[in-house]
Amino acid sequence: MGNGLHEWPLILFTVLGQSIAGGAIVTGLAWLSTDDKQQKQRIVNAMLVLWVLMGLGFLASMMHMGSPLRAFNSMNRVFASSLSNEVLFGSVFFALGGLWWLLSALKKMPEGLGKIWLLLTMLMGLVFVWAMTRVYMISTVPTWDTPHTTIGFFMTVFVVGPILGTLLLRVAKFPLNSGKLAAISVVAYIVTIASVLIQSGEIALIATSVQKASDLVPDYGFLQMIRLVATSLGLLLWVLPVIRQNQPSVISLLIGTLLVLFGELIGRGLFYGLHMTVGMAVA
């Protein structure tokens, strides 16, 4: 029982990976939309944050595995094991994005190739998130083997990604009207809330002869409330200036991004806290 904090390396890895996949799409589309070479370079410089965070995410995942050697061994069953696929697609995403950033920062990336490379990186980010969801589709873990896992993972992409991307674009002084991006985050968060509410009802019905899923995280409701407050405040720091037709400041976007990330980390901790292995679940 608990709040899932014992799985903090996986919490960091999954939330950061999904957030960066979303952030890479937002900043990548901005880079593709401008022909101003100086503006492109400022966006590239700001995108360094994404790949540093991705590196931290992979470092956390290696800590979960115990050693880098185990991380390499986890790729032994590519296309036969969901875990191997997650490591493979995550590594390809990280490698593509990191190399694209390095060559672009050094101004060694041909423009035509750079566009194709960046689009492939953005696509690979979504494939990486999809591969993550497959790791947790385990028939003997009824609290994970549900569409809510896939919904939760992809909604992190679209809740955190747009605000993180907007923050980086503001740092890069990119002329962005972020109203549509804010709407994407808000809609994604509404979907998240709906999924959480539906899943909460389903969790109450999952039980075995010795264990109830609802007993796994005694503070489930309280922690979800903290998550709701943190994410709502974070999004409001972004949405309110947009409604007033003002550009949100870098500081408000930074605080908003941290609050939204905090909310997602709490949600992912609850996800891991709900782990239960059964031979057969009854509902």
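Biologist: Which helix is Q224 found in?

Modeller: Q224 sits in helix α8, which covers residues 220-243. Keep in mind that this is a predicted model.

Biologist: Is Q224 buried or exposed?

Modeller: Buried. Its relative accessibility is 14%, and buried means under 20%.

Biologist: What does Q224 touch, not counting residues up to four places away in sequence?

Modeller: Two residues: V196 and L270.

Biologist: Let's look at the helices, then. At what angle do α8 and α9 pack?

Modeller: The angle is about 160 degrees. Their axes are 7 Å apart. Helix α9 runs over residues 250-273.

Biologist: Are α8 and α9 roughly parallel or antiparallel?

Modeller: Roughly antiparallel. The cut-off is an angle over 145 degrees, and this pair is at about 160 degrees.

Biologist: And is the crossing of α8 and α9 left-handed or right-handed?

Modeller: Left-handed.

Biologist: Which residues of α8 and α9 meet?

Modeller: The α8 side includes Y220, L223, Q224, I226 and R227. The α9 side includes L259, V260, F262, E264 and L270. So Q224 shows up again, as a member of this contact.

Biologist: How many residues in the contact of α8 with α9 are nonpolar, polar or charged?

Modeller: There are 15 nonpolar, seven polar and two charged residues.

Biologist: New pair. How do the axes of α1 and α5 cross?

Modeller: They cross at roughly 155 degrees and come within 9 Å. The two helices are therefore roughly antiparallel to each other. Their crossing is left-handed.

Biologist: Which residues make the contact?

Modeller: From α1, the list includes F13, T14, A21, A24 and W31. From α5, it includes G114, L118, M122, F128 and M132.

Biologist: What is the contact of α1 with α5 like by class?

Modeller: It has 14 nonpolar, six polar and one charged residues.

Biologist: Let's zoom in on A24. Where does A24 lie?

Modeller: In helix α1, residues 8-33. A24 has 2% relative accessibility, so it counts as buried.

Biologist: What is A24 in contact with, leaving aside its neighbours within four places in sequence?

Modeller: L50, W51, F93 and M122. M122 is on the α5 side of the contact with α1.

Biologist: How many residues separate A24 and P162 in sequence, and what is their distance in space?

Modeller: They are 138 residues apart in sequence. In space, C-alpha to C-alpha, they are 9.3 Å apart.

Biologist: Now α6. Which residues does T156 touch, not counting residues up to four places away?

Modeller: V15, Q18, S19, G161, E264 and R268. T156 is found in helix α6. It is buried, with a relative accessible area of 0%.

Biologist: How many residues lie between L168 and L197 along the chain, and what separates their C-alpha atoms?

Modeller: They are 29 residues apart along the chain. Their C-alpha atoms are separated by 32 Å.

Biologist: On to α7. What should the 25 residues of α7 span?

Modeller: They should span 36 Å, at 1.5 Å a residue. The end C-alpha atoms are 36 Å apart, so the two values agree. Helix α7 covers residues 179-203.

Biologist: Which residues in α7 are buried?

Modeller: Among them are L181, S185, A188, T192, V196 and Q199.

Biologist: What do the buried residues of α7 pack against?

Modeller: Three helices: α1, α6 and α8.

Biologist: Why would residues three or four places apart in a helix point the same way?

Modeller: Because an α-helix has 3.6 residues a turn.

Biologist: Last topic, loops. Which loop does K107 lie in?

Modeller: The loop between α4 and α5. K107 is exposed, with a relative accessible area of 65%. Its phi is near 60 degrees, a positive value in a residue other than glycine.

Biologist: What about K173, is K173 buried or exposed?

Modeller: Exposed, with a relative accessible area of 63%. K173 lies in the loop between α6 and α7. K173 is not a glycine, yet has a positive phi of about 60 degrees.

Definitions and conventions
Residues are numbered from 1 along each chain as its sequence is written. This is a predicted model: local features need pLDDT of at least 70, side-chain atom pairs count only at pLDDT 80 or more; totals for chains, interfaces and linings use all residues. Side-chain values use heavy atoms; hydrogens and water are left out. Helices (H or I, at least four residues) and strands (E, at least two) are DSSP runs, numbered from the N terminus. Buried means under 20% relative accessible area, exposed over 50%, partly exposed in between (1.4 Å probe, protein chains only). Contact means heavy atoms within 4.5 Å. Axes are lines fitted to C-alpha atoms, for helices over the stretch in contact, and angles run from 0 to 180 degrees between N-to-C directions. Angles under 35 degrees count as roughly parallel, over 145 as roughly antiparallel, 65 to 115 as roughly perpendicular and the rest as oblique. A crossing is left-handed if the near helix is turned anticlockwise from the far one by less than a right angle, and right-handed if clockwise. Ala, Val, Leu, Ile, Met, Phe, Trp, Tyr, Cys and Pro count as nonpolar, Asp, Glu, Lys and Arg as charged, and the others, Gly among them, as polar. The expected span of a helix is 1.5 Å times one less than its number of residues.
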